[in-house]
Amino acid sequence: MTSSSVSAPVSDVDLFAGDVLADPYAAYRSWRDAGPVVKSSVHPIWIVARYADVRAALADWQSFTSAQGVALTDEMNAPMIGSVLGTDPPEHDALRSVLTEKLAPRALAKLRGDIAERADALVAEVVARGSFDAVTELAQRLPVDVVADLIGLPAEGREHLLSGADAVFASFGPLDGRMQARMPQFMAYIQYIQSFDSKDKFTPGSWGAAVFDAVEDGRLTPESGMQLLNAYLVAGMDTTVNAISAYIRFLAEDPELWAALKADPSLVASGFEETLRLESPAQGFFRNTTRDVDVDGVLVPAGSRVLLSFGAANRDERHYPDPDRFDVRRNPVDHLAFGYAVHGCAGQGLARIEAQALIGSLLRRVDRIELAGEAVQHEHPVVRGLGSLPVTVVPAREG
Ligand code: HEM
């Protein structure tokens, strides 16, 4: 704390109200404009929404700890403590190192061809139909199969993965009616993953087998092994699905953007970063302050729960000029949609490969894409994304 610290402005916006979740960007702007940090009068939290402050807080894990959990409520933070998301260095680094090699650039390079083939087969199938739902019939299919195969899960039971990830992420928010409604899928998912309790349940050479090797040689306890698997399973599902769906929506709504990418497919990667910036699937996670912290002149007392709003930071006009505009040439690789620093997303390379493969294949196989109905937002307290995106396509002549 510095002598210049002042108290924070108060916001009475309920960030979990349905209308705010549907379109949170006006609220985000009001928080950024109010100051470097605002105090919520609705939930017992503080909110950091400006790009520079969110990034600085993510880097300062000593002051903004993850070791008390990254969810809103004590009830849901308790089971998270000790997991890869819910630890600080050095415990965190030991957990994260178990699968580092599997997600290193060399390992990912080997997956690229296979993922491109799978993506292309999925795209070929839906394009042949002419009209399809780009969320349920396309975006939802690739990440589930890719991640489940990498973890080494049998085909049977995978129907629990998407709905389970949805419920687990919802538990990071308020324990309200919305969460109550997800309890059956939450419980079914927990029961499903608890059945993977030994190495022989996983494909040889898989991530799951590597985690159980670490349990066998004492690097992990059986409990932390299960927590680690759960983290990789949950984190790699609807996050990637939602990012891909949002990208397809931008393309279907903007013929000029589609034409630009058709003319120069090397823009696909930059377009994906811009999608992540504008429609960040993980809108924000919490931290807890370990001491009095000065956030750009405003005091946040020790023991405060703080929302680091990635979604707000990524539209901060202090960092990105004309922040609400999709600019396919912006290539904002410093966005915070994957977090930053020690907890920065472990699967970001994989997510990029999946999305680029799918969009690349769409561009090759389709001449025109248009919305065929209303894009429907899926109401979720933490993960932003569409539930449905009906589109029609005109197949490419040579495709
Ligand atoms: C577009 C897709 C994705 C988005 C937007 C995303 C977003 C994020 C964010 C924001 C964090 C930081 C959490 C924090 O700071 O507390 C994170 C962490 C993590 N992500 Fe991702 N993620 C994506 C895909 C994936 C995939 C495909 C995997 C793996 C299969 C994955 C695995 C993880 C793991 C294990 C962590 C925890 C890292 C740690 O705590 O050290 N993610 N992700």
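By class, the shell around the ligand holds 17 nonpolar, seven polar and two charged residues. Nonpolar here covers Ala, Val, Leu, Ile, Met, Phe, Trp, Tyr, Cys and Pro, charged covers Asp, Glu, Lys and Arg, and the others, Gly among them, are polar. The model is predicted: local features need pLDDT of at least 70, side-chain atom pairs count only at pLDDT 80 or more, and totals for chains, interfaces and linings use all residues. Residues are numbered from 1 along each chain as its sequence is written, and side-chain values use heavy atoms, with hydrogens and water left out.

Of the 26 residues around the ligand (a heavy atom within 4 Å), His92, Arg96, Arg287, His343 and Cys345 come nearest.

| Residue | Distance to a ligand oxygen atom |
|---|---|
| His92 | 2.6 Å |
| Arg96 | 2.8 Å |
| Arg287 | 2.8 Å |

Elements giving two or more residues to this shell are α5 (91-97), α12 (222-235), α13 (238-253) and β6 (285-289); helices are DSSP runs of H or I with at least four residues, and strands are runs of E with at least two. The largest share, three residues, comes from α13.

The ligand iron has a single protein donor, Cys345 (SG), 2.3 Å away. Donors are N, O and S atoms within 2.8 Å of the metal (3.2 Å for Na, K and Ca). Cys345 lies in the loop between α16 (310-313) and α17 (348-365).

Methods
A polar contact is a pair of N or O atoms within 3.5 Å; within protein, one must be able to donate a hydrogen and the other to accept it, and residues adjacent in sequence count only if both atoms are side-chain atoms.
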